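Subject: Structure handover, salt bridges

Hello,

Here is the structure for your files. My notes on its charged side chains follow below.

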Amino acid sequence: MFLDRIACDFPDLKMIGAHTGWPWVDELISVCYKWENVWFGVDAWLPKYLSPQIIQFINSRLGRDRCLWGTNGLPWKESLKQLCELGLKEDAERKLMRENAIDLFRLNEPKSIVGESFNAIPEVDTSIRPHLSAN
């Protein structure tokens, strides 16, 4: 409910309205239309339970560029299977499952543009946590 105000006050801050905005689904969709820095997180529900307005938004011209798929700990294989059974437009499904996250988190940008901190990742001390690997 507060995303509208935060998006207004911090226009450069990218935000994801998680859990499909439940119980304020329509409000989250409206905020996504209003502010380009708010993204719609399709998570916390198995896709077969998504309301028609969420599916319509994902397939819409704006929604296909601003929705992100996640599982929130739900069985991801089942979630992915159900997502593929929703009958989404091909480009909307592709963007939802992969491309929008790449764009939002700037995963295609060279490390030097994203930040120098990525170039100086420290070695992992495996003696403290033997289950971790430095590779």
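Is Arg5 buried or exposed? Arg5 is exposed, because its relative accessibility is 60% and the cut-off for that class is over 50%. Please keep in mind that this is a predicted model.

Now the salt bridges. The count comes to seven.

Arg5 and Asp9
- Arg5 pairs with Asp9 in a salt bridge. Their closest N and O atoms lie 3.3 Å apart.
- Both residues sit in helix α1, which covers residues 3-9. They are four residues apart there, so about one helical turn separates them.
- Asp9 has a relative accessibility of 42%, so Asp9 counts as partly exposed. Arg5, at 60%, is exposed.

Lys81 and Glu85
- A salt bridge links Lys81 to Glu85. The closest N and O atoms are 3.2 Å apart.
- Glu85 is exposed, at 53% relative accessibility. Lys81 has a relative accessible area of 44% and is partly exposed.

Arg106 and Glu109
- Glu109 is the salt-bridge partner of Arg106. For this pair, the closest N and O atoms are 3.2 Å apart.
- Arg106 is partly exposed, with 40% relative accessibility. Glu109 is also partly exposed, at 31%.

Which class does Glu109 fall in, and why? Its relative accessibility of 31% lies between the 20% and 50% cut-offs, so Glu109 is partly exposed.

Best regards

Note on methods:
Residues numbered from 1 in each chain as written. Predicted model: local features only at pLDDT ≥ 70, side-chain atom pairs only at ≥ 80, totals over all residues. Heavy atoms only, no water. Salt bridge = Lys/Arg side-chain N within 4 Å of Asp/Glu carboxyl O. Helix = DSSP H or I, 4+ residues; strand = E, 2+ residues; numbered from the N terminus. Buried < 20%, exposed > 50% of the residue type's maximum accessible area, 1.4 Å probe, protein only.
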